Amino acid sequence: MSSTHKKYKTEGDKIVRLKKECERCGNAVYMAEHKDRQTCGKCGFTQYKRGRKAS
Ligand SMILES: [Zn+2]
């Protein structure tokens with residue numbers, strides 16, 4: 001528990017509940033939350049939320 005990386009990972013458990021990690025970037029790059037989707041500010045990857053599709 002001495003490295004900052006491990007510390008970050010521990011805190012990540014809380015963050016993940018709010019923000020989804022980018023499946024492309026991974027490595028603690030989180031998606032920006034939108035109403036119906038999540039986007040990655042780093043690679044531009046967009047993931048639409050499940051369950052509700054645009055009409
Ligand atoms: Zn990304």
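## The loop between α1 and β1

E23 lies in the loop that connects α1 and β1. In this predicted model, E23 counts as exposed, because it has 12 C-beta neighbours inside 10 Å and a residue with 12 or fewer falls in that class. Although 22 residues separate E23 from F45 in sequence, their C-alpha atoms are 8.6 Å apart.

K19 is also placed in the loop between α1 and β1. K19 is partly exposed, because 15 other C-beta atoms lie within 10 Å, a count between the limit of 12 or fewer for exposed and that of 20 or more for buried. Once its neighbours within four places in sequence are left aside, K19 has contacts with Y30, M31 and E33. The C-alpha atoms of K19 and Q38 are 8.8 Å apart, for a sequence separation of 19 residues.

## Overall make-up

The protein contains one helix and three strands. Along the sequence these elements follow the pattern α-β-β-β. The helix, α1, covers residues 4-18.

Of the 55 residues, 4% count as buried. Among contacts with a separation of 6 or more, 0% are between residues 24 or more positions apart.

## The sheet

The three strands make an open sheet, with the order β1-β2-β3 and antiparallel pairing. β1 (31-33) and β3 (46-48) are the edge strands; each has a single partner strand, so one side of each lacks a neighbour in the sheet. On average, neighbouring strands of this sheet are turned by 25° against each other, with direction ignored.

Strands of a sheet pair through backbone hydrogen bonds, and the pairing is either parallel or antiparallel. Here, β1 and β2 run antiparallel and are joined by three bridges. M31 has C40 in β2 opposite it. R37 has Y48 in β3 as its bridge partner.

## The two hairpins

In the hairpin of β2 and β3, five residues stand between the strands. G44 in that hairpin takes a positive phi near 85°.

## Confidence

The mean pLDDT of the protein is 76, and 58% of the residues score at least 70. Which element has the lowest confidence, and which the highest? Helix α1 is lowest, at a mean of 56, and β2 is highest, at 92.

Where pLDDT is low, the predicted coordinates should not be read in detail. With its mean of 56, α1 is the element with the lowest confidence in the protein.

Notes. Residues numbered from 1 in each chain as written. Predicted model: local features only at pLDDT ≥ 70, side-chain atom pairs only at ≥ 80, totals over all residues. Pairing = 2+ DSSP bridges. Helix = DSSP H or I, 4+ residues; strand = E, 2+ residues; numbered from the N terminus. Axes fitted to C-alpha atoms, helices over the stretch in contact; angles between N-to-C directions. pLDDT = per-residue confidence, 0-100. Contact = placed C-beta atoms within 7 Å.
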